[in-house]
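Trainee: Could you take me through a close look at one part of this model, the place where the two chains meet? I would like the cut-offs along the way, please.

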2 protein chains.
Amino acid sequence: MNIESVLNELKRATAEIIDFERIEKLVRKYYESGENYTVKLGLDPTSADVHLGHTVVLQKLAAFQKHGALVQLIIGDFTATIGDPTGKSETRKILSREEIEENAKTYQEQVFKILDPEKTTIYYNSEWLDKLGTRGLTELTMHYNVARMLERDDFEKRYKSGVSISISEFLYPLFQGYDSVALKTDIEFGGTDQKFNMHMGRHLQRVYNVGKEQAIVMVPIIEGLDGVQKMSKSLNNYIGVTDAPNDMFAKILSITDELMWRYYELLSSKSLEDIEKIKSDVESGELHPKLAKENLALEIVERFHSKEDAQSAKEAFDKQFKQNKIPDDIKEFNLEDDIWICKALQEAGLEPSTSQARRDIKQGAVKINQEKVEDEQLKLSKGEYILQVGKRRFAKVIVG
Amino acid sequence: MNIESVLNELKRATAEIIDFERIEKLVRKYYESGENYTVKLGLDPTSADVHLGHTVVLQKLAAFQKHGALVQLIIGDFTATIGDPTGKSETRKILSREEIEENAKTYQEQVFKILDPEKTTIYYNSEWLDKLGTRGLTELTMHYNVARMLERDDFEKRYKSGVSISISEFLYPLFQGYDSVALKTDIEFGGTDQKFNMHMGRHLQRVYNVGKEQAIVMVPIIEGLDGVQKMSKSLNNYIGVTDAPNDMFAKILSITDELMWRYYELLSSKSLEDIEKIKSDVESGELHPKLAKENLALEIVERFHSKEDAQSAKEAFDKQFKQNKIPDDIKEFNLEDDIWICKALQEAGLEPSTSQARRDIKQGAVKINQEKVEDEQLKLSKGEYILQVGKRRFAKVIVG
């Protein structure tokens, strides 16, 4: 067993690690004495819809599980069951006990496709937070001060720009930190956006004399299919782990080569060496990048569905691709911003007139980026589009 | 019954009233239908040492009791029994249940010299605050925001000057406000320094749908014996309600005429008309101001002790006064700052030499402002002093 290469593997695809020395000690101790250590991840139970963005950290936990880690998966039911009585937060969902458990169940089904269930314990944080009581919570709030809390990025921005911060929002980082006190966590995992809250865990473990201060592993926030913005449901640039195999496959095939390498690094279970090999094969021309992308898609579909599902997703995609194939050499047109679709079709030479364009749209014969156009009043904003009329007429338009 | 004059009497000696219309309604309703209303005062049980500064608000409550008010006296035991685990606040005393009850008992003995016990109920706020639990407290904190909390004078100053504010300090105004929710208070009473916290009671009664919003009666902060600074134990310018009759009497006789009128207004039970009469009698020369002061002292000593105690305090004072009487026309001397007492005695012509002065101090024959000098090394700082050697030698020295 080469500890150095284990440690390298554990460091992979992380954005920042606080107190790596402690992690090294825990791993070495495990290999010397078989003693396990605990790694914690908090889950928000208000939505059980896990997408690939969430799986980055799960993959990381799974890697640690192979080297002595016992996962503490915390369902943050405490805050999720507290309503916001001011009614100010429209996005805030209050969940019933049943909904929480339903979501927790769905979570489990999804996360155990990645985590080893034998080395995972699920906790509900209401267990220890309810026990605090008014007194315990008041004591907890004595351990942090207002000025330091306001240094948290988002609080600072909101405070300075006059956007209201409810005092309860100051309690949530304390709750998250206290979870680490209650569970005597060795290492906490989260996205880089959780840095402040995870530091709170270290701080509170110290002031509550837990006898340890957790290390922190931060994973990068993964970009969505557009390669630019954070993967999120609201931006519709995500791959859900419950997406149908065909959708999942097609979405991965749609990403750029650059993003493919990012996804390889963050999402694939392949070793760093294997990924380097694929990369150099692509660079040397031995492997076509589309094949590399297919392999990544196959691996991910297989993880959340099955080998068979992955294979038939590939076949369906190939078939569809051949049908919808866009010719390699289509003409390009530069058009002004905010152009009416019918005008664009005419200027790109795909339609003789805007009225003909209008008729074709009504009959469903016009596509933009392979999607049927429904609205004949549509305007095209800044961007690149593949316009298509019927099966064979294509043009690329650059708007703006 | 003249409601207008009752309302005037109730307004007397207040610094500010919020929602006087509501108070007027409550009083009128009491006289129409006999329906009582509730008035609240919070007491800090960390010290049971009540001084006249505290009695201003108690007098006000007593006045309201005569016109339909039932007093809610709240012992703030909840926060007093919570330790500050950070150990940062050295002045913060954690009290045991026994100490709280001991102090509450002492409070009762003292306050029932002013309040009508038949129309007073004592509450401990842990009763409802403990019931809140982690959930209830978290919900409570949703009802106020950080920016508005930081607008409280003392918080704003501390935040701007970088002095730490623990998050728990944001909870205390919420606790005090929630007391008014739990007790459905009609009017809250307090010093002007409690304005923010009492407004919180109004705010929380509204958001918790109590069905009323308390009026607020603020009483002035009373000046101490020096006539300048707030009466407080730490400044040693106070009259404790448990002071011995003779001390109490002598302290009141020591104040200036100007402060006497302030104390009449804030501390006497006499009607405004009676006080005006005394004032005009003094102004017209019909009544000597010393007699007016004696009458005030008699009233206050009688309130906390008895008529007999007051009378014998007066006699003791008169006797002492005659013995210690300082001649009306004594010589004045201007001396340099920080002068040694023995040198001062010599320069004021009271002693032939500093060594003789030293011997007289040792024998207890030297007084400053009628107090025996114990320390022959004493230096006199900036100020005016009456120096005295033996029974008959006097001088006034102006130092600095």
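Mentor: Happy to! Between chain B and chain A the count is 2 salt bridges, a salt bridge being a side-chain nitrogen of Lys or Arg within 4 Å of a carboxyl oxygen of Asp or Glu. In one salt bridge, Arg135(B) reaches Asp130(A) with its side chain, at 2.9 Å from N to O. Before we go on, keep in mind that this is a predicted model, where local features need pLDDT of at least 70 and side-chain atom pairs count only at pLDDT 80 or more, while totals for chains, interfaces and linings use all residues. Residues are numbered from 1 along each chain as its sequence is written, chains are lettered from A and ligands numbered from 1 in the order in which they are written, and side-chain values use heavy atoms, with hydrogens and water left out.

Polar contacts come next. Chain B and chain A share 18 residue pairs in polar contact, both residues at pLDDT 80 or more; such a contact is a pair of N or O atoms within 3.5 Å, and within protein one must be able to donate a hydrogen and the other to accept it, with residues adjacent in sequence counting only if both atoms are side-chain atoms. On the side of chain B that touches chain A, α6 (126-141), α7 (146-149) and α9 (168-182) of chain B each supply at least two residues. Helices here are DSSP runs of H or I with at least four residues, and strands are runs of E with at least two, numbered from the N terminus. The largest share of that side, 11 residues, belongs to α6(B). Sorted by class, the side of chain B that touches chain A holds 20 nonpolar, 13 polar and 5 charged residues. Nonpolar covers Ala, Val, Leu, Ile, Met, Phe, Trp, Tyr, Cys and Pro, charged covers Asp, Glu, Lys and Arg, and the others, Gly among them, are polar.

Now the whole interface. Chain B and chain A each bring 38 residues to the contact, where contact means heavy atoms within 4.5 Å. Together the two chains bury about 3300 Å², with 68% of it on carbon and sulfur atoms; buried area is the accessible area (1.4 Å probe) lost on putting two parts together, summed over both. In chain B, the residues losing the most area to chain A are Arg135(B), Met142(B) and Ile167(B), together 24% of what that side buries.
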